[in-house]
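Please read it alongside the sequence and coordinates.

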Amino acid sequence: MSAIRRWILPEPGGVERLALDHAPRPPLGPRQVRVAVRACSLNYRDLSVARGLYGRGGVRANLVPLSDGAGEVVEVGAEVSRVRPGARVAGIFMQRWIAGGITSEAGASALGGALDGMLAEEVVLDEDGLVTIPDHLSYAEAACLPCAAVTAWHALVEHASLKPGETVLVQGSGGVSIFALQFARMIGARVIATSSSDVKLGRLRAMGAETGINYRTHVEWQEAVLAATGGRGVDTVVEVGGAGTLARSIHAVRLGGSISLIGVLTGSAMLDPTPLMRRSIRLGGIYVGSRAMFEAMNAAIAANEMRPLIDATFPFARAPDAYHHLMAAQHMGKVVITMP
Ligand SMILES: NC(=O)c1ccc[n+]([C@@H]2O[C@H](COP(=O)([O-])OP(=O)(O)OC[C@H]3O[C@@H](n4cnc5c(N)ncnc54)[C@H](OP(=O)(O)O)[C@@H]3O)[C@@H](O)[C@H]2O)c1
């Protein structure tokens, strides 16, 4: 293959701008790895990127989008020691966040944001910027992990130190929330889930949620969360709603509990921070996670033979349709694009 096909955003302004492009095969440095991408997945963030609403500096021209992809190593540079050709790998969201706390250098190395992403037939990544994927997962399943799953893992395991028997509130049925539900059940915690749809709530219960609350018909859903916990509140909230839901989440969490602030799905709001102090709530901002978190999560996924929930799969040539499917917000779990 002398040229590769990839999708680019010539300029931000919406999904309609996505264009299929042919580019020369990129050269390989001594510590780099060439990956034949087999599948990618979409995150809500990719809609924001396409609209040009992501990151402080805006979205640069001709960006290859998508942070999440998995594939097969087809060539390695002369000094590469972490993987060999044939290895099954996924890119890590922030290419330079290996372990420990986040740094500004790590924060400026996100795939499909600061750096070109995975929506291409082939990508070249530094050997440090990937993980091997669990054997039992298909490439499509593994492509769901880098952003949504690592974020949910970071929230529950690192920030909330979730224990068996504790109670987690997950909001909605998107990528992050479904992973949070699955990890919470894996750990032996109880789950209360909210959704805009009774049909989805039925499916969330079938996946192990003990209580389901429709946040459209129960606008004061935080009261239903308190009722479901005997008035105590949940131990931790995986907060994907953002400004529009945070005040209710603060109401729904127990004294001394925690909230992982992850999402920006709902509008803006003035927030009274006093209850956070009075009720000793630990509010932590979560930005995906490190390679070390990804590797720990993969070990847990492999040991439990857990599988991501894929809602729909689109072929590479129809990538814009995958974006539209995510935008319609009728999905549960992840939306995937597979390569020919
Ligand atoms: N900080 C980070 O590192 C990080 C990482 C990943 C994602 N995020 C953010 O987390 C959010 C979710 O991302 P995603 O990729 O999982 O999105 P997604 O798959 O598009 O999920 C969206 C779902 O959220 C639910 N939702 C929307 N408004 C809601 C509300 N007011 N209350 C409760 N649920 C609501 C809906 O579920 P129902 O249809 O069931 O109602 C909707 O389908 C986004 O804001 C994204 O930017 C942040």
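**Helix, sheet and ligand shell**

In this predicted model, helix H5 (residues 175-187) lies across strand S8 (167-171), S9 and strand S11 (234-239), and runs at about 165° to S8. The chain is divided into domain 1 (3-144 + 308-338) and domain 2 (149-285). The shell around the ligand draws at least three residues from each of domain 1 and domain 2.

**Domains**

- The centres of domain 1 and domain 2, taken over C-alpha atoms, are separated by 28 Å.
- Nine residues from domain 1 and nine residues from domain 2 make up the contact between them.
- On the side of domain 1 that touches domain 2, six residues are nonpolar, two are polar and one is charged.

**The six-stranded sheet**

- Six strands form an open sheet with parallel pairing, in the order S10-S9-S8-S11-S12-S13.
- Strand S10 (211-214) and strand S13 (282-285) are the edge strands, and each of them pairs on one side only.
- From one strand to the next, the twist averages 15°.

**Strands S9 and S10**

- Strand S9 (residues 190-195) pairs with S10 in the parallel sense, over four bridges.
- Ser195 has Asn214, in S10, as its bridge partner.
- The path from S9 to S10 passes through helix H6 (residues 198-206), and this β-α-β crossover is right-handed.

**Ligand shell**

- Which residues come nearest to the ligand? Of the 32 residues around the ligand, they are Gly172, Gly174, Ser195, Ser196 and Gly263.
- Helix H1 (44-51), helix H4 (145-159), H5 and S9 each supply at least two residues of the shell around the ligand.
- H4 gives the most to this shell, with three residues.
- By residue class, the shell around the ligand holds 14 nonpolar, 16 polar and two charged residues.
- H5, which lies across S8, S9 and S11, is one of the elements that supply at least two residues of the shell around the ligand.

Technical notes:
Residues numbered from 1 in each chain as written. Predicted model: local features only at pLDDT ≥ 70, side-chain atom pairs only at ≥ 80, totals over all residues. Domains from an automatic or database assignment. Contact = placed C-beta atoms within 7 Å. Nonpolar A, V, L, I, M, F, W, Y, C, P; charged D, E, K, R; others polar. Pairing = 2+ DSSP bridges. Axes fitted to C-alpha atoms, helices over the stretch in contact; angles between N-to-C directions. Near = placed C-beta within 6 Å. Right-handed = clockwise from strand over helix to strand, strands pointing away.
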